[in-house]
Amino acid sequence: ALLAAARRRRLVFLVGTGVLLIGYAFLGRGFAYLGIPPLYVGEIVLGVGVLALVLSGGLRAVFRSPVVWLILVFMAWSAARTIPFIGTYQFDALRDAVLWLYALYALLVGGFLLREGRLERVVAWYRRVMPWYLAWVPFAALVIAVVGDALPVMPLSTVPIIDTKPGDNAVHLAGVAVFLFLGLHREVGRATIGSGAREWLWWLIWLLGAFTAAATNRGGILGILAAGGSGLLLRPLANWRKVAALGAVLLAVFFVSGVSIDLGGRRSVSADQIFTNIGSIFGVTQGQDLGATREWRLTWWENIVDYTVFGDYFWTGKGYGINLADADGFQVNADGSLRSPHNGHLNILARTGVPGFALWIALQVAFGVSLFRAYLRARHAGRQTWANVNLWLLAYWLAFLVNASFDVYLEGPQGGIWFWSLMGVGIAVLETQRRLEPSWLPAEELSRP
């Protein structure tokens, strides 16, 4: 009875996390405000996970992973740069600290997946949700454009119920693209997306969403390119020709017709806007808006490097709780709501100093290299399903890191909880492969640990 109760607690957390990830992907910031301030749905599910850990354990299996130990050291240093400032900044210190506190999701998701033997269901779950998400992205963009401010708001907040960001959508579209490229929708379980004309339709819908993200967000462009590029370099497939052909046709239609779709923001979806965004990445801008934004970010980032790497905050950073936009002189919102630079990596540098930043980089390098090495070993052993899962997670993770370099992304639940949960799945995959590698069991599907 006690074992059954413990298992139920862990499964409740895993199911709750799955619901969270779906809600964040589909509704964005709107779903993040579900709850009673200051406790929102992300923190509530995390509390359920911590309670399940305290009452029933379940993390022992992940402590063999060096990635887990790096997470713990990173969290310890970050806690040391948070706790001293709680008295001064109170709730603001805790709000900023979710950048590292959400790392608990990596530990809990990884540990509970291993403990309960549910790893194979993650890919099956993603396969079922993926088609709905592809259809949702252009539909949600149309709803936001047509309804606009008339959208209902989340209870106890002023945030619209649908409040997605193009950069966030681009990250998930990148993950979907690599998932399709690798054929994981066919290899695991019964395929939801068919072949032939039906699959061409899904790629067309994907491209519509990708064009929307590329026209309104530079980080979205790079996130898709990073994920897709890694998949292309490591596992070239004929499917790339299909999406390339569709993309060329759509872009030609956009360019020749001169069509421009207004989604209600400062930028419209058009070929010219896509080219302008690509040019702005490399410093070639035709519009004052993009150029001014780029210069503002670069100046702030240089300022952070100056006072940490070359300044008085080398060892400590400025800590969690202080409003960096105000302190650094880069506040652009009248209400002072901007708190962190549009770069999660430099936010960590500014708040935890060079030691904290070094731990962050070491953690990301260790995770990425581990997935890459596991991919090579699985491919060499002829375990193509495992190799594909490794490559998919690697590409998805890259898309998160790239988007975090241009936006306040990991600092919020819709980006942070997704990122750390994905890392938790990666830890579970790596540990499961480590156990199977001596024998490489003959079953071709993902096996329970």
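How many cavities of 30 Å³ or more does the count come to? In this predicted model, local features need pLDDT of at least 70 and side-chain atom pairs count only at pLDDT 80 or more, while totals for chains, interfaces and linings use all residues. Residues are numbered from 1 along each chain as its sequence is written, and side-chain values use heavy atoms, with hydrogens and water left out.

The count comes to 3 cavities of 30 Å³ or more. A cavity is a set of points on a 1 Å grid over the protein atoms alone where a 1.4 Å probe fits but cannot get out, and lining residues have an atom within 4 Å of a point. Grid points are joined across faces, edges and corners, and a volume is the space filled by probe spheres set on the points.

The largest cavity has a volume of about 120 Å³. Ala25, Tyr126, Val129, Tyr133 and Trp418 are the closest to its centre among the 13 lining residues. Helices (DSSP runs of H or I, at least four residues, numbered from the N terminus) α1 (2-27), α8 (119-147) and α9 (166-181) each supply at least two residues of this lining, and the largest share, 5 residues, comes from α8. By class, the lining of the largest cavity has 12 nonpolar (Ala, Val, Leu, Ile, Met, Phe, Trp, Tyr, Cys and Pro), 1 polar and no charged (Asp, Glu, Lys and Arg) residues, the others, Gly among them, counting as polar.

The second largest cavity holds about 60 Å³ of space. Its lining includes Tyr24, Ala25, Lys165, Asp168 and Gln414. To this lining α9 gives the most, with 3 residues, and the classes are 2 nonpolar, 5 polar and 2 charged.

Terms used. 1 Å grid on protein atoms, 1.4 Å probe; cavity = no way out; pocket = protein on both sides within 12 Å on 5 of 7 lines; lining within 4 Å.
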